[in-house]
Amino acid sequence: MATAAASSYSSTQTEARQATQAYLDSRLTNGGATKSSQSPFTVPEINIGPSFSASLEARTRIAAQIREACTTSGFFHITGHGVPEETRQAILALAKRFFTGVPHSKKEALHVKHSKYFRGYEPADYTYVNPGDWEAADAAPETKEGFNWGYEAGLDPTGGDGQYRELDGEDVNGNSWPSEEDVPGFYETIKAYYGEILSLARHLFRLFALSLDLPEDYFDPMTTHPGGIARLLYYPASTNPQPLNPEHKDAEIGLGAHSDYECFTVLLCSTAPGLEILSPDDKWIPAPAVEGSFIINVADFLMRWTNGVYKSTVHRVVNRTREERYSVPFFFSINYDQVVETLPSCVSLENPSKYPPIKAGEYVLERLRATVKES
Ligand SMILES: O=C(O)CCC(=O)C(=O)O
Ligand SMILES: [Fe+2]
């Protein structure tokens, strides 16, 4: 396979940490890596409904829209995705029930500090997605709370291929769940939602393959037991809502400025706005609301894999409302044991590969480790 290069693989963990922090810093200090882009900043809405048809021509047309979004803002909305509204509402309602209804002691028992894969409950002010933030004297604590879980075969509508390994290659199930007694219906609600989103992500990835001038099934063998961390997130209502600040620092920050780590993210949000995206000319742009949509954004691993052709764009969350905000991001990765080198359609004599081969799980694990102060 063109992307497998196990023999030439070398550990690039330090490189991953340094390169991503440098990228983030460059975007946040007015020397933005994508600053020269002339494209107007938009978060387009793409109706992917026709991509479920048998017409390759229809799928190729949607793929072209995806390419346009991925090479400019790195963000787009999808509608026509086929995920039932009741499944979407059920997971948001579960998030509300978990964060506001479950006693603190029960949540603490599931604390991510007990998990080497960062699974479980994350209280406010525990992780910082922008590692630079906790070193800054004027750092604002992150107000979000989270509950994190990852892929397991029982959540995969295909049943998986039995080959799933954790981020570090271990043959274990890294997830931990609240008991049925403490949060009735928790696992079933997660399973229904996760199954829908995993299938949607695999479908989208076929469109991504077309969008990159690759055969439509190019990624399929790499997503048979894929990494797929997901989170329930809770952003408390603001007690002192402030309008969007054109400067980068805000007194109250839900989730600090960051780019995501994996291939792409499928994001579901409750009604309160809050997601803000850094435009190429260094302005925070509130993500537009599109009813019934998911927001899709390119993440760093795919940016790297595409040699920088697809943009992983910096974003953050600030709840500027008196309404609680909930969201459910799903971070789609390929099989964690897969080593990749730059996609063949993204290298040329003029644009040679900028990146050495890398193993998916190790890259993601290193990025996760970098978010905890104590590490
Ligand atoms: O909550 C949101 O809207 C975005 C969450 C996010 O960016 C993340 O978890 O990486
Ligand atoms: Fe994110």
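How do the residues of the shell around ligand 1 divide into nonpolar, polar and charged? Seven are nonpolar, two polar and two charged. Here Ala, Val, Leu, Ile, Met, Phe, Trp, Tyr, Cys and Pro count as nonpolar, Asp, Glu, Lys and Arg as charged, and the others, Gly among them, as polar.

This is a predicted model: local features need pLDDT of at least 70, side-chain atom pairs count only at pLDDT 80 or more, and totals for chains, interfaces and linings use all residues. Residues are numbered from 1 along each chain as its sequence is written, while chains are lettered from A and ligands numbered from 1 in the order in which they are written.

**Confidence.** The model scores ipTM 0.99 and pTM 0.91. Mean pLDDT (the predictor's confidence in each residue, from 0 to 100) is 88 for the protein chain, and 85% of its residues reach 70 or more. Two stretches are listed below, with contacts beyond near neighbours in sequence. A contact means C-beta atoms, placed from the backbone, within 7 Å.

| Stretch | pLDDT | Contacts |
|---|---|---|
| Residues 1-13 | below 50 | 18 |
| Residues 30-36 | below 50 | 13 |

**Ligand shell.** Residues around ligand 1 include Arg231, Asp260, His315 and Ser327. A shell residue has its C-beta atom, placed from the backbone, within 6 Å of the molecule. The elements giving two or more residues are β5 (226-235), β7 (264-269), β11 (315-317) and β12 (325-335). Strands are DSSP E runs of at least two residues; helices are H or I runs of at least four, and both are numbered from the N terminus.
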